[in-house]
Amino acid sequence: MTMIGVQNLSIRIEGRPILRDVSLRAGNGEFIGLIGPNGSGKSTLLRAMARLLPPSSGGLWIAGKPLKDYSYKELARAVGYVPQDTSVDFDFSVRDIVLMGRYPYMSRFGAETRHDREIVRQAMLKTATLHLADRVVTSLSGGQRQMVLIAKALAQEPQVLLLDEPISALDLRYQLHVLELMRNLARQGRTVIAALHDLNLAARFCHRLVLLANGEVNGSGTPEEVLTPETIERAYDVRAIVRIDPWFGSPCLTAISGNVDSSGQKERSTINQHLQER
């Protein structure tokens, strides 16, 4: 079943085109990585799918229903969004921040239930933030705040999870933790779409990749289909060697140079020869 659909989506901001005729489909159980250089439109696309930016043209659907037809509570139950900006201006505790994810399920003047508190506890367990529950969120590091916002999104129990650079502030251990968590959520039937800069990790964990460049889709498919030397050069203006990781079986990239000259060609030839000898 298609959980989220984007059809010929275009967005202009202050008269400048940011996205042009972008289309994609994501089904239950899929983990899709949005990749592309800075300024390619990844964050804009995620914000549009979270109904934080209005489209200039085109359409968006969640579970076959137009995004514009969802009420606030319906949308919050269907879609969880984790922004790239993790700044928080108020001195709430971590537990209170994560509990905000349960508001779509509460009545206007109702208090949280035991069930709500258990879901919050489980969300903090999954994100390794339970030990921070009583800490003031403004006292945390950027990486810790990132994990707390992911926990808040999990507490919403959404069918679709949208994440904008969810591992950008994390060390390697927690990068792997978050990506493994997202893949496990997809295995449980959720739809996960994340903007990612690390192409090797995206290739390892995502089922499909959507490559954006200059606001347009430049490639879409499995990591093997999208991450080719040709598409990398076209989108990133970088020469790259692509090989299959012998441990994980996913594409693995080695960037060579952004400038093509005689020395760069020689460097690429030397590295290719080295890889063939291995």
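Two strands are taken to pair if DSSP finds at least two bridges between them. On this basis, the predicted model contains an open sheet of six strands in the order 6-7-8-3-9-10, with mixed pairing. Strand 6 and strand 10 (216-221) each have a single partner strand and therefore stand at the edges, so that one side of each lacks a neighbour in the sheet. On average, neighbouring strands of this sheet are turned by 15° against each other, direction ignored. Within the sheet, strand 3 (residues 31-35) and strand 9 (residues 208-213) are joined by four bridges in the parallel sense. Leucine 34 is placed opposite valine 210 of strand 9.

An open sheet of four strands is also present, with the order 2-1-4-5 and antiparallel pairing. Its edge strands are strand 2 (16-27) and strand 5 (65-66), each of which pairs on one side only. Strand 1 (residues 2-13) and strand 4 (residues 57-62) run antiparallel and are joined by five bridges. Isoleucine 4 has isoleucine 62, in strand 4, as its bridge partner.

Helix 1 (residues 42-49) lies across strands of both sheets. In the four-stranded sheet, helix 1 lies across strand 1, strand 2 and strand 4, and runs at about 120° to strand 1. In the six-stranded sheet, helix 1 lies across strand 3, strand 6, strand 7, strand 8 (191-195) and strand 9, at about 150° to strand 7.

Helix 5 (residues 142-155) comprises 14 residues and spans 20 Å from its first C-alpha to its last, close to the 20 Å expected at 1.5 Å a residue. This helix is mostly covered, with eleven of its 14 residues buried. The buried residues are Gly143, Arg145, Gln146, Met147, Val148, Leu149, Ile150, Ala151, Ala153, Leu154 and Ala155. Their cover includes strand 6 (79-82) and strand 7 (160-164), together with helix 3 (94-99), helix 4 (114-126) and helix 6 (172-187). Glutamate 157, which follows helix 5, has a positive phi near 55°.

Glutamine 84 is located in the loop between strand 6 and helix 3. Its relative accessibility is 42%, which lies between the 20% limit for buried residues and the 50% limit for exposed ones; glutamine 84 therefore counts as partly exposed. Apart from neighbours within four places in sequence, glutamine 84 is in contact with Ser43, Asp164 and Glu165. Asparagine 184 is 100 residues from glutamine 84 in sequence, and the C-alpha atoms of the two are 22 Å apart in space.

For the protein chain as a whole, the secondary structure amounts to ten helices and twelve strands. The C-alpha trace spans about 70 × 45 × 35 Å along its principal axes. The radius of gyration is 20 Å, which agrees with the value near 19 Å that a compact globule of 278 residues would have. Of the 278 residues, 47% count as buried. Among contacts with a separation of 6 or more, 65% are accounted for by residues 24 or more positions apart. The protein chain exposes about 13,900 Å², of which carbon and sulfur atoms supply 49%.

Definitions and conventions. Residues are numbered from 1 along each chain as its sequence is written. This is a predicted model: local features need pLDDT of at least 70, side-chain atom pairs count only at pLDDT 80 or more; totals for chains, interfaces and linings use all residues. Side-chain values use heavy atoms; hydrogens and water are left out. Helices (H or I, at least four residues) and strands (E, at least two) are DSSP runs, numbered from the N terminus. Contact means heavy atoms within 4.5 Å. Axes are lines fitted to C-alpha atoms, for helices over the stretch in contact, and angles run from 0 to 180 degrees between N-to-C directions. The expected span of a helix is 1.5 Å times one less than its number of residues. Buried means under 20% relative accessible area, exposed over 50%, partly exposed in between (1.4 Å probe, protein chains only). The radius of gyration is taken over C-alpha atoms; the globule rule is 2.2 Å times the number of residues to the power 0.38. Accessible areas come from the Shrake-Rupley method with a 1.4 Å probe; for residues, only the protein chains shown count as cover.
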